[in-house]
Amino acid sequence: MKEKAESLQQPKTWNYEQYKAYLLLLSRKPEAILDYNQFPKTIQLSKDWHSFLNQTRSETKDDHERYAIAGCKPDFYALYLSSKATKGNPHEVPAKILSNEEEKAINNNIEIIEIIHSHSTPYGFSSKDLYFLLTFVQPVKVMCLVNHNNNFLAFPSKETEQTRDPKILSQDKFAEFWKKQASNTHDAAIKIAQRHKLVFYSGEPNKDLKRITT
Ligand SMILES: [Zn+2]
C-alpha cells in the first residue's frame, strides 16, 4: 500500500531535467510509463528546446510543415535533437520524410523517443497525428507539435493501448471515424485523448506547457 501511495506522488511541475529523465527511463523500461492521473500539471522545457521550437515555427511561415525527431543512444544519457527540422510539403509531412528520418536515426544508432512536427495552420493535433501515438511501430514516448501560437505535447499513458494494428484500422479510417464524432479538429483531438487516455499539454512560445486534458 505504502509503495503505491508513494509512486502516485508525482511533482506538479516537471522541470526539463525531470521531463528528460522520464523519457530516458521509458526507453530503458517501457513498463515505467505513468498512469494517466500521474502526469504533472506543468512541464518546463529547456532554453535550447524553446529556441529549436521557435526556429521551427518561424521556418514554417513558408507553409511547409517541418519534421524532426529526438532520441537517445544506447547509454540512455542524453536526448539528441536534430539541429534543424526537415522541410516537408505545403501543409503536410510526407510519409517519405518520416521513413527517411527513421532510417537516419537507425544509422546513427539513435532510438526515437520523441517526434516533433509543425503545422502551418492555427490548429493543434489532428486525428491523423494522434493516430501515430496509437500505432507507431516503435512506440513514441511523446509527440511535440508547433503551430503559429503554441507548443504542444501529447503523451500516451499506461491506460493507452498502443497495440492497434495499422492493417486493421488505417489512418484515414481513424480520421474519418473521429470527424463524425466531433464538431472540429480541436474537439476531435480532445475526444481521442479522452477515449485513448492521452495526456495533452500546451503553452505559448518560451512559456511552460500546461496540462489541458485532466
Ligand atoms: Zn500534424
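These notebook entries record what I looked up in the structure.

**Entry 1. Basis**

I worked from a predicted model, in which local features need pLDDT of at least 70, side-chain atom pairs count only at pLDDT 80 or more, and totals for chains, interfaces and linings use all residues. Residues are numbered from 1 along each chain as its sequence is written. I took helices (H or I, at least four residues) and strands (E, at least two) as DSSP runs, numbered from the N terminus.

**Entry 2. Strand E8 and its partners**

I asked which strands pair with E8, where pairing requires that DSSP finds at least two bridges between two strands. Strand E7 (residues 142-146) is joined to E8 by four bridges, and the two run antiparallel. I noted that Val146 has Asn151 of E8 as its bridge partner. Four residues lie between E7 and E8, and the two strands form a hairpin. Strand E9 (residues 198-203) also pairs with E8 in the antiparallel sense, over six bridges. Here I found Leu153 partnered with Tyr201 in E9.

I then looked up burial. A residue is buried if 20 or more other C-beta atoms lie within 10 Å of its own, exposed if 12 or fewer, and partly exposed in between, with C-beta atoms placed from the backbone. Strand E8 (residues 151-156) is largely enclosed by the rest of the structure, because six of its six residues are buried.

**Entry 3. Strands E3, E6 and E7**

I followed the pairing from E7 to E6. E6 and E7 are parallel and share five bridges. Ser118 stands opposite Val146 in E7. I recorded that strand E6 (residues 111-118) is also joined to strand E3 (residues 64-72), by six bridges and in the antiparallel sense. In that pair, Tyr67 stands opposite His117 of E6.

Two packed helices are described by the angle between their axes and the distance between the axes. I used axes that are lines fitted to C-alpha atoms, for helices over the stretch in contact, with angles from 0 to 180 degrees between N-to-C directions. Angles under 35 degrees count as roughly parallel, over 145 as roughly antiparallel, 65 to 115 as roughly perpendicular and the rest as oblique. A crossing is left-handed if the near helix is turned anticlockwise from the far one by less than a right angle, and right-handed if clockwise. Contact means that the C-beta atoms of two residues, placed from the backbone, lie within 7 Å.

For helix H5 (residues 127-135) and H7, I read axes that come within 10 Å and cross at roughly 20 degrees. H5 and H7 are therefore roughly parallel to each other. The crossing of H5 past H7 is right-handed. On the H5 side Ser127, Leu130 and Leu134 take part, meeting Ala188, Ala189, Ile192 and His196 in H7.

For H5 and helix H6 (residues 171-181), the axes are 9 Å apart and the packing angle is about 125 degrees. That angle makes H5 oblique to H6. This crossing, too, is right-handed. I listed Ser127, Lys128 and Tyr131 of H5 as meeting Gln171, Phe174, Ala175 and Trp178 of H6.

I compared the span of helix H4 (residues 95-107) with expectation: its 13 residues should span 18 Å at 1.5 Å a residue, and its end C-alpha atoms are 18 Å apart, which agrees. The expected span is 1.5 Å times one less than the number of residues.

Most residues other than glycine have a negative phi. I found that Asn109, not a glycine, has a positive phi of about 60 degrees. Asn109 lies in the loop between H4 and E6 and is exposed, with 10 other C-beta atoms within 10 Å. His91 likewise has a positive phi, near 60 degrees. I placed His91 in the loop between strand E5 (86-90) and H4, where it is exposed, with 11 other C-beta atoms within 10 Å.

Is Gln44 buried, exposed or partly exposed? I found Gln44 partly exposed, with 18 other C-beta atoms within 10 Å. Gln44 sits in the loop between strand E2 (42-43) and helix H3 (47-59). Not counting residues up to four places away in sequence, Gln44 touches Thr13, Trp14, Asn15, Tyr16 and Asp208. Between Gln44 and Tyr19 I noted 25 residues in sequence and 7.8 Å in space, C-alpha to C-alpha.

Asp187 lies in helix H7 (residues 185-196) and is exposed, with 12 other C-beta atoms within 10 Å. Asp187 and Ala85 are 102 residues apart in sequence and 28 Å apart in space, C-alpha to C-alpha.
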